[in-house]
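Hi everyone, thanks for coming.

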Amino acid sequence: MTPHNRAPEEGSANVRSRNRLLMLGLLVGAFALAGCASDAPLDTLDPAGSKAEDIDNFITPVFYVAGVILVAVFAAVGYMSWKFRVSKPKEGDTVYAGDYTDEEFPAQTHGHFALEIGWTIAPFLLLVVIGVFSVNIITGLDDVEASPDAAYPDMEILVVGQQWWWEYQYHLDGNTDTPPDVVAANEMIIPVDQEIRIQVTSRDVIHSFWIPRLNGKKDAAPGRVHPWVIQANEVGRFAGTCTEFCGLSHAYMRMYTVAMEESDFETWLAQQQTPQTPLVEGDRNFKGQEVFVANCQRCHVVFGLTERDRDGDGTPEMDDLAMYGTLEDYRDLTDGTLSQGKHLEEGNLTAGAAPNLTHFATRSSYAGSFFQLYPDAQETAEAGDYLSLPGSDYFRGDLEAWLRNAPAAKPNAQPEQNRGMPALGLSEADIDSLTDYLLSLH
Ligand SMILES: [Cu+2]
C-alpha cells in the first residue's frame, strides 16, 4: 500500500461511517414514529379499565424515575468522555501505543469503598421498592371486586384460544360445573363498569390473551385454566391480539372486548340464548342453509339446525351447549373430549373446534377479528349502538372471499395440517346463497 492511496481510503471510510450513522438514526426515528400512530388500536398507554389503570398508575412513576437515572448516567458518561478525552501529543511528549502520552494520562483511583457500596446499595433498594409494588399489583390483576348492583354478579367467562381465533363461553350464574349458557367467538361482550372473572385456556397450543386498554396479558395454555379479570370504564370496542407465538398465522389472531350498557348486554344475552329456527323449502335462505349443512356443519355449529352422532349410537343428536363441557373438562384436556364434531375421527382440525356460527351476524368481526363485518364497527361500538347495526351495511366482499378460499384470505393458515379453515371449492352460486344465509343469523 503506497502512501499515495491512503488518504482517499481514509476519507471514504469516514463517509461510510457517517452514512451508517445516518441510516441508524433514520431507522431509530422510523421505529419511534411508528409508535405515534394516532389510531393505534393496541394502545398500552391509554387505560380504559380498572386493572389497566392499576398498571398505568405504577409504570408511569417508574418510567419517570428511570428517565432521571438515564439522563444522569448519560450526562456523567458524556462529561467524562469529553473531560478525559485523548488529545494530540505535543512536541516533546513521549508517545506510547495508542497515542497516549505520559503527561495526559489522568490519575487512576482504585477501590473507593464508600462509592462502591453506594452504587451497589442504591440500585438494590430502588429495585426492591419497584419489585414490592410490582408483585403487589400483579397479584391484584386477577382479583374481582363484585359490583353489588350487577345483574350477573357471579358471571364467569371461559376464554378458549385456538388456531387462530378465540371462543367465549359464558357461565351466567358462575357455576362452571355445568356447560356454558352462551358461546360466542372473537368478540367478548361485557357489561360496562363491572369487573368480570374470566378463565383463560386453550384447545391446542399456547396462546396469550391481551386487551391492552383493559388489562395485562394472560397465557392460554392447554390443560390449564388461568383466572383473570376484565373490566371497562366506558362503552366501546377494545382491540386485542394473541401475544404468544402460536403458529404461522399468529399475527392474525386478534379479538375485541365490547363493553355495553347493562340493558344492551341483557338484550345481547337473550339473543344469544335463542337457537335458530330451521328454514323449510320456500323460505328465503333455504338454499344457503342446505349448502351449509352439506359443507360446513362437520366443523361448525348452528344451534337449532346442526346435528351429529355424538354418542355413536347411530342416531344423531341436535347440537347443544352440552357439547362444550364444563370448565373442569378444560383443566383435564384429553384429545377428543371436547371435539365439537367428527373432526378428530377424520383427522380434521387440531383444536377439534370451529367458531359457533349460531349468531354469526351479531358480530362485528370474524376469523380471529381479521375481517370486519361492518364498515364502521368501531364508531358504532363506541357510540353504544352495537346491537342496532343495519343489516344492509354488511361487508359482503370479504366474507365471500373467505368462503371462496379461506387460506388465501387470511394468510398462513395450514389446512393441510388441520389448522385454520380449509378451502372448500364451492361454486359462486353456493357462495352467494351461503353469504345470504350467514348474514341472516341474528
Ligand atoms: Cu394465538
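Let me start with a question: in what order do the three strands of the open sheet with mixed pairing lie? The order is 4-10-9. Do keep in mind as we go that this is a predicted model.

In that sheet, the edges are strand 4, residues 187-191, and strand 9, residues 236-241, each of which pairs on one side only. From neighbour to neighbour, the strands of this sheet are turned by 20 degrees on average, ignoring direction.

Now for the pairings. Strand 4 and strand 10 run in the parallel sense, paired over five bridges. If you want a landmark there, look for E187, which stands opposite Y256 in strand 10. On the other pairing, strand 9 and strand 10, the latter covering residues 254-260, are antiparallel and share six bridges. Y256 turns up again here, as the bridge partner of A239.

Let's stay with strand 4 for a moment. Is strand 4 mostly covered or mostly open? Mostly covered: five of its five residues are buried. On one side you'll find E187, I189 and P191, on the other M188 and I190, and all of these are buried, so both faces of the strand are covered. Helix 4, residues 262-272, lies across strand 4 and strand 10, and runs at about 130 degrees to strand 4.

Now, the helices. Please find helix 10, residues 428-438, and helix 8, residues 396-404: their axes come within 10 Å and cross at roughly 120 degrees. Helix 8 and helix 10 are therefore oblique to each other. The crossing of helix 8 past helix 10 is right-handed. Which residues meet there? From helix 8 we have R396, L399, E400, L403 and R404, and from helix 10 I431, L434, T435 and L438. By class, that contact has five nonpolar residues, one polar and three charged.

Helix 10 also packs against helix 5, residues 286-295, at an angle of about 105 degrees, with the axes 7 Å apart. That angle falls in the 65 to 115 range, and helix 5 and helix 10 are therefore roughly perpendicular to each other. Helix 5 brings K287, G288, Q289, V291 and F292 to the contact, while helix 10 brings D430, S433, L434, D436 and Y437. Sorted by class, the residues of this contact are four nonpolar, three polar and three charged. Notice L434, which takes part in the contact with helix 8 and in the one with helix 5.

Let me zoom out to finish. The protein chain has 10 helices and 14 strands. Of its 442 residues, 31% are buried. And if we take contacts between residues at least 6 apart in sequence, 65% of them join residues at least 24 apart.

That's my tour, and I'm happy to go back to any of these views.

Note on methods: Residues numbered from 1 in each chain as written. Predicted model: local features only at pLDDT ≥ 70, side-chain atom pairs only at ≥ 80, totals over all residues. Axes fitted to C-alpha atoms, helices over the stretch in contact; angles between N-to-C directions. Helix = DSSP H or I, 4+ residues; strand = E, 2+ residues; numbered from the N terminus. Parallel < 35°, antiparallel > 145°, perpendicular 65-115°, else oblique. Left-handed = near helix turned anticlockwise from the far one by under 90°. Contact = placed C-beta atoms within 7 Å. Nonpolar A, V, L, I, M, F, W, Y, C, P; charged D, E, K, R; others polar. Pairing = 2+ DSSP bridges. Buried ≥ 20, exposed ≤ 12 C-beta atoms within 10 Å, placed from the backbone.
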